[in-house]
Amino acid sequence: MVDMQPTTPRKTVAILGPGGVGGLVGALAARAGHRVVFLAGPPTVEALRADGVSVTSTLFGDFTVPVEADTVLRDPVDLCVVAVKHTALPAALDRVPASLVSDGLVLPLLNGVEHVDTLRQVFDPASVAAGVIRVESTRTAPGRIVHGSPFAQVDLASRTAPPARVDSAAEILRGAGLTTRTRDDEQAMLWDKLTVLAPFALLTTRHRAPIGEVRTAHRDELVELVTEVATVGRASGGTVTIEAALSFSEGFPPGARSSMQRDAEAGRPIELDAIGGAVLRAARSHGIPAPTTARLVAQLA
Ligand SMILES: NC(=O)c1ccc[n+]([C@@H]2O[C@H](COP(=O)([O-])OP(=O)(O)OC[C@H]3O[C@@H](n4cnc5c(N)ncnc54)[C@H](OP(=O)(O)O)[C@@H]3O)[C@@H](O)[C@H]2O)c1
């Protein structure tokens, strides 16, 4: 296990959901010298207490850190990273008493746009920020994390938390080694990620094919879907134009598969409602037709 050398003032960090994202972020924070408490179900808690969290990463190196783990949060924290899948969010939130995050920041790194308001109904809005992570990281077993992307970038923004709290959380993440930016516009940040992600996730899952095959065999459908989602995204506060969204969809490596597709193939619940469902609800609220999105969501449901 690595020696922990504090690089920034020692803070207390909770990680709700020690999976691909939470495990990586928490292990990096622990390696940077922070007190990290992972919150999970009993079998995962037992595994983490026994063996810590191991990370395999070309960017951050291979390392193992001892960590604390518990089924509920028991002490106040400076930062609570929420990194469960959206389908597990309501049950997982029972592990975090609101009073223990009231002086800190709750930072969800889930894909989707609507969960931030859910968190503001559970916690004081002054303690809630929105976050977006760009990374490819997989939990291969409890406490075993394989980080495959040559990047790991977190963006934070909040329309309800004081900027000093957001900055202080950003400092923890930056000090842990993650490329970290604070942004002014929460809605733009969330919708820009969803605009790029939703077509990739829905079409690779629907056709059980990597994006390269989707681009060639289902091109018209891809263009229709990207156009719909980008139109909805712009109406919802996003900045990604249809042209930019199309160009993003061209930029994925041909063999790229989405995590929604991997979840579907493994028989796990998929984040369909948080991704496709959210686009449809926003389309309806803006009076924008979204027939391709609606058909794909119905087919995948
Ligand atoms: N992975 C990526 O590369 C990536 C990139 C960008 C965004 N995201 C987004 O980040 C979010 C998390 O994804 P992920 O890939 O990290 O998911 P994941 O690997 O499936 O991890 C989810 C974790 O949540 C835990 N969990 C489930 N129910 C729980 C509960 N009731 N209480 C506490 N913990 C619970 C699971 O615990 P067990 O270990 O006990 O099963 C698992 O460790 C998703 O919204 C995803 O779309 C992921």
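Colleague: How do the residues of the shell around the ligand divide into nonpolar, polar and charged?
Modeller: This is a predicted model. Of the 25 residues around the ligand, T44, R95, S137, R139 and E271 come nearest. By class, the shell divides into 13 nonpolar, 6 polar and 6 charged residues.

Colleague: Of the accessible area that the ligand has on its own, how much does the protein cover?
Modeller: On its own, the ligand has 900 Å² of accessible area.

Colleague: How many aromatic pairs does a search of the whole structure find, and why does the pair of F200 and F252 count as stacked?
Modeller: The search finds 1 aromatic pair. The ring centres of F200 and F252 are 4.2 Å apart. Planes under 30 degrees apart count as stacked. The pair is therefore stacked, because its planes are at 10°.

Colleague: How many residues apart in sequence are the parts that the pair of F200 and F252 ties together?
Modeller: F200 lies in helix α6, residues 186-207, and it counts as buried at 9% relative accessibility. F252 lies in the loop between α9 (242-251) and α10 (259-265). The pair therefore ties together parts whose separation in sequence, in residues, is 52.

Colleague: Which residue lies over the face of F63?
Modeller: The contact is to the face of the ring, at 4.1 Å from the ring centre. The residue over the face of F63 is R31.

Colleague: With which residue does the side chain of D263 make a polar contact?
Modeller: D263 lies in helix α10. With 4% relative accessibility, D263 counts as buried. Its side chain makes a polar contact at 2.8 Å, and the partner is the side chain of R268.

Colleague: What distance separates the C-alpha atoms of L73 and V101?
Modeller: L73 lies in the loop between β5 (68-70) and β6 (79-82). With a relative accessible area of 5%, L73 is buried. L73 and V101 are 28 residues apart along the chain, and their C-alpha atoms are separated by 9.5 Å.

Colleague: Is L110 buried or exposed?
Modeller: L110 lies in the loop between β7 (105-108) and α4 (115-122). Its C-alpha atom is separated by 8.0 Å from that of I133, 23 residues apart along the chain. Buried means under 20% relative accessible area. L110 has 6%, so it is buried.

Colleague: What is the phi of R208?
Modeller: R208 is found in the loop between α6 and α7 (211-217). At 69% relative accessibility, R208 counts as exposed. R208 is not a glycine, although its phi is positive, at about 50°.

Colleague: How far apart in space are A294 and R262, C-alpha to C-alpha?
Modeller: A294 is found in helix α12, residues 291-300, and counts as partly exposed at 33% relative accessibility. In sequence, A294 and R262 are 32 residues apart. In space, their C-alpha to C-alpha distance is 22 Å.

Notes. Residues numbered from 1 in each chain as written. Predicted model: local features only at pLDDT ≥ 70, side-chain atom pairs only at ≥ 80, totals over all residues. Heavy atoms only, no water. Phe/Tyr/Trp six-rings, centres within 6.5 Å; stacked < 30°, edge-to-face > 60°. Helix = DSSP H or I, 4+ residues; strand = E, 2+ residues; numbered from the N terminus. Buried < 20%, exposed > 50% of the residue type's maximum accessible area, 1.4 Å probe, protein only. Lys NZ or Arg CZ within 6 Å of the ring centre and 35° of its normal. Near = heavy atom within 4 Å. Areas by Shrake-Rupley, 256 points an atom, 1.4 Å probe, with all protein chains shown as cover. Nonpolar A, V, L, I, M, F, W, Y, C, P; charged D, E, K, R; others polar. Polar contact = N/O pair within 3.5 Å; in protein donor to acceptor, adjacent residues only side chain to side chain.
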